[in-house]
Structure formats: C-alpha cells, structure tokens
Amino acid sequence: MSILVYTESENGKLKKAALEVVSYAKAVADQMDTSVTAIAVNANDVETLGNYGASKILLVKDTSLEAFNAKKYAALIEAAAKQEDAKVVVLSSSADSKYLAPMLAVGLEAGYASNVVEVPSSVSPLTVKRSAFTNKAFANTEFTTDVKIVGLSNNSFGLVESEGSASVENFSPTLPESGVTVESVDKATDKVSIADAEIVVSGGRGLKGPENWGMVEELAEVLGAATACSKPVSDLGWRPHGEHVGQTGKPVASNLYIAIGISGAIQHLAGINASKVKVVINTDPEAPFFKAADYGVVGDAFEVVPKLIEKLKAFKAANA
Amino acid sequence: MKILVCISHVPDTTSKINFTENDTKFDTNGVQYVINPNDEFGLTRAMWFKEKQGASVDVVNVGGAETEPTLRKALAIGADSAIRVNTPATDGYAVAKQLAHVVNEGGYDLVIAGRESIDYNGAMVPGMLAAMANANFVTNCISLEVDGTSAKAVREIDGGKETVSTSLPLVIGGQKGLVEESDLRIPNMRGIMMARKKPLKVVEPTEVSAETKAVSFEKPAPKGAVKLVDADSIDELVNLLHNEAKVI
Ligand SMILES: Cc1cc2nc3c(=O)[nH]c(=O)nc-3n(C[C@H](O)[C@H](O)[C@H](O)COP(=O)(O)OP(=O)(O)OC[C@H]3O[C@@H](n4cnc5c(N)ncnc54)[C@H](O)[C@@H]3O)c2cc1C
Ligand SMILES: Nc1ncnc2c1ncn2[C@@H]1O[C@H](COP(=O)(O)O)[C@@H](O)[C@H]1O
C-alpha cells in the first residue's frame, strides 16, 4: 500500500502544482507510515519529484496522450492505483484534475473530497478539511470508503522539500476509447494562467476603460503574475472572458491577490477568498473590499499603480 | 432530443453562513435559496434547444420537499416537467447515484448539469453521473451545439479554451458562456401560472449510502483589520509584502 499522487505537466515540464501535491502526499504518507508513488504523463523532469517526497514514479510516455483527456487520464490513474494498491489518491485542484477526479472516483469506488486545505486531522477514519460555501466556511469531511481521493486546493500546502530520490518505472496500461476528442486549443502560451499563478493582479470598473490596462499588465509583468478582472469588466468587453474571476468566473487561490479599482462585491469575493494575502487599491475608503483585504491603499489607481511598479522594480533590482 | 437539467438548490451568495447543533448542521434560518447559477445558464441553453431544435426539457433535484419552490421556478422559466428524488442530498456520490437512476429510467440523451454548485463547490456530481450512466462528459462547458447524435462543445481550460467533439448520450458541466447573462429569463406571470399546472413528480430514492460525510463545520478565524498604507509611501507596501506577508 502506498499513496498515489497524480502530477501534472505541460509541454514535458512538471507544473508547480505537481510539486505541491507530492509535498502534501508525503506529509499524509508520514502520518500513515507509508510511501508516495507519483504518476506522470509525458514529463521529462520527473526525477525532481524525489526531492519532494516521491519514492517511486510511474511514467507514462505516449504521444497519443499529449492532449489532456479526462477519461483516459482517469483510467491511467485508476490502473496505477490498483497496481499499487493505493488507499489514498491525491490530486490538485486544476481544471484538468477536477475534470477527471469524479470519473476516477466511480472507477475506484472511492470517496472524493475536493478543495481540501490541510493535512488530514485524523487518518482513521480519514478526515479532511475542505472549503465550502464559496470559501465562507470549512467542512470537516470523513471518508467511509476503503479508497479515498483527496483534491488539494492550490497553494494551500506549499512546497516542502525532503531528502531522497525516486525510482522511475515505465507504465503503459491499456486505455478505453474516450468519446471526447479535442479539435483545437486556444491558449495563450506566453502568459501565466490564473490557475497556475502565485500572484494575480486584477482590475475592476474603477480603471475606467480598456485603454488603461497597460499599467495592470506592466504590474503583472514585474511580479510574474497573471492578470484578472471583475465581472463587469469582461461583460463590457474591456478584457477577455477568461480573465473574469469570482463566483461566476474563475476561482483564484493565489498567494497574493492585488485588486485595483474593484469594489469587493460579495460575488467577487466569493471567487477570490481562497487567496492568502489580499491587497486593495481603491479611491473609496468605504469600498467593501477593505473589509476583506490584508493591506489597502486609499488612493487613485492612476497614481498608486505607477508608483508601485516603480518601487517593485527598484526592489527587484536590489534583491536580484 | 430528451434533455434533463440537474438543478441544485443553493443558498444565495449573499446569505449569511451559520451552523447549528454544535457546528454540525447548516443553519437554514433566514437563508434565501436560488437555482444554482451554473444550472440557470444550463436551463436557459436547454430552452434554446427546445425552441430552436425541438426537445423536451425535464428538470430534476435530489432533495427534500423544501426544494420544490426552486423546481417550480425552473418550470416557470419553461421546463416541461420536474422530478424530485425524495431524499436529502448527502454527498456528491449519493446524489449522482440517484440522478443516474433517473437518467437510465428516463432514457435522456443530454444531461445538463452545472460546473459546480455554490454550496459545497464539489464539482463532483456531473462527472460521477456521467461515469455511472456510461455517457460522455465535458465540463467547464461554455458552448454546446448538438446535431443529430453528435455534439460540439467549447470548454474553459486553465489559460484558454478548447473545442471538443463528442456524441450523445452526453453529460455536461455548464457555466456562464453557455448562454449570455442577458439571455437569462425572469419567470413572468404567465410562466408562473403555467408552472402550477405542470407535473412535479416525486420519486422515492434507490438505496445508496454516502461515501463521505461532513462531520462538522467551521468558519475562518475572524480577519484582522486591513493595514492601510499611505498612497505617498508605497515603499512601505513593498516592504510589508516582502517582510511581513512574505509573498514577494
Ligand atoms: C449572480 C451574480 C453573480 C456575480 N458574479 C460575479 C463574479 O463572478 N465576479 C465579479 O467580479 N462580480 C460578480 N458579480 C457582480 C458583482 O456583484 C459586482 O457588481 C462587481 O463585482 C463589481 O465590479 P467592480 O468592482 O469592478 O465595479 P464597481 O462596483 O463599479 O466598483 C468600482 C470600484 O472602483 C473604485 N474606483 C473608481 N475610480 C477609481 C480609481 N481611479 N482608482 C481606484 N479605484 C477607483 C470605486 O471606488 C469602486 O469601489 C455578480 C453579481 C451577481 C448578481
Ligand atoms: N441535489 C442535487 N440535485 C440535482 N442536481 C444536483 C444536486 N447537486 C448537484 N447537482 C448538479 O451537479 C452540479 C454540480 O454540483 P456539485 O458537484 O455539488 O458541485 C450542479 O450544478 C447541479 O447541476
């Protein structure tokens, strides 16, 4: 018995979230006195996983799996879990992992808890804390099944290095027909995505118009951050729909969220509350966002943001 | 085409979240319930299929009698009939099992569910249902077209979107984009009157036990007050983010 963890990669390179789920799986394995086996698909740098606690890696090399396919990937993980007799399977909260996890749960007859934010409070019965009610509360959830799937909320555990190295084995189970074929992918490859970002810089209607986003993008570039926006901003067509965050948009669970000219309506906060540190820049000291934020600047974005960019550049130069 | 829209009955986002009985039960006192927003987009897309391509549209909820006003609202928006599986929604797995039974009995071609519900945000039910009902599954769906038994869908992925082709029977996890917000319908008087006469069938559950159980709830520790930084000393903000928050 070991803990199985699915590690995601893109263009042959492991994602940061992969290192985080392995770090987390290692902590759970220590609680349960067992080891961590990772499964990766077409990644070229899997040895790294040894530094975060994996002792064995099942590596799938298959060009037909270049494009993510939820059903096939779920079948891969299912086969690996059965081979390893894994009782706990750990996944991230990426869109892909959340897509495949419910199908995997049915295949393994496993209970599944998503958006888990901490290591289990008990291993018998396995009990995890997950966020619920759009991050306004947590539910302590107990599993009643033999096999359990834990979906870890992004950036909730962080990266923890451990001593050790991993053996790599090739893994190639037979896969089902998928029924869903990817025809085309439209994805900005030169930008950090909101889901992967550690820092997200977000603009609201207070920025007045799309022509003013230059400074938002510049701030994001200095910070290596993803850009996001409030709902009206994407509804007005100032920014692409994919940038809309909140209850009806993308969820954000970054380490740092900077809100510029966003009032902080409850539906907006619902989607970004899982972010650790929140900074708000707003002219109105009464804006509700100040109640939800850790740091705030009452001021005009058109003055504050350029200053912030300048100070951050200086900071980076000094700390380079 | 026979369409089933899964409707989850959830507290409105602006509701106060509290718990009772030693933090083991959600406190429904004063809570306003609504159709899960993702399901409202799905239901509206289903109405489009009904009107433009010809389809029957049933809605379903797994829950107690208290969810009936939510189902009636879906009928007022235009669904033909409603089904309530008479059992509390315990966990995603148990709900999916009940829904799979409804799907198999009813022979639905297309099941429209939401990407996630805004109460438990599980994003569990649609994928489990698809696997149980042996149907294809596309989630984070922002566009759906059906032609005979083939379907084309666009889904949001991290950092972009992808177009996929698939076939019926199909389950989707829908979200905004499936229809625009401006297409959402507020039930009018005629719709509400008609909804009263439409069938709302209560069916008894099949035997299933849950796989997970929320044993207790907690709220985040109260947040400290925001630290305000003067607009003229942005240095201080950079300093705090680096040394105190340790995020840059
Ligand atoms: C069912 C439902 C779902 C929703 N889902 C979402 C969602 O997912 N995401 C979302 O974001 N919203 C959502 N909303 C909308 C939400 O309620 C708010 O309307 C929206 O978030 C407001 O966007 P905003 O803060 O950009 O704009 P406004 O509310 O117009 O706020 C603009 C802010 O900018 C400030 N400002 C103005 N000028 C400046 C300046 N020069 N410098 C600095 N600050 C300035 C103002 O003081 C103000 O606080 C939803 C609403 C509903 C009903
Ligand atoms: N009790 C329920 N009855 C009917 N449909 C549900 C129920 N719970 C969830 N669903 C459907 O599954 C979707 C995702 O819910 P969840 O898995 O709870 O995040 C919802 O948007 C609904 O379409």
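Helices (H or I, at least four residues) and strands (E, at least two) are DSSP runs, numbered from the N terminus. With that in hand, let's visit the two ligands of this predicted model.

**Ligand 2 and chain B**
- The side chain of Asp39(B) places an N or O atom 2.5 Å from an oxygen atom of ligand 2, a polar contact being a pair of N or O atoms within 3.5 Å.
- A polar backbone atom of Val62(B) is 2.9 Å from a nitrogen atom of the ligand.
- On its own, ligand 2 has 480 Å² of accessible area (Shrake-Rupley method, 1.4 Å probe), and the protein covers 93% of that.

**Ligand 1 and chain A**
- Around ligand 1 there are 28 residues, including Ser230(A) and His268(A) among the closest.
- An oxygen atom of ligand 1 lies 2.7 Å from a polar side-chain atom of Gln267(A).
- Taken alone, ligand 1 exposes 990 Å², of which the protein buries 77%.
- Helix H5 (231–235), helix H6 (266–272), strand S17 (277–282) and helix H8 (301–319) of chain A each supply at least two residues of the shell.

**Reading the numbers**
- Residues are numbered from 1 along each chain as its sequence is written, while chains are lettered from A and ligands numbered from 1 in written order.
- Local features need pLDDT of at least 70 and side-chain atom pairs 80 or more, whereas totals for chains, interfaces and linings use all residues; side-chain values use heavy atoms, leaving out hydrogens and water.

Terms used:
A residue is near a molecule or strand if one of its heavy atoms lies within 4 Å of it. A polar contact is a pair of N or O atoms within 3.5 Å; within protein, one must be able to donate a hydrogen and the other to accept it, and residues adjacent in sequence count only if both atoms are side-chain atoms.
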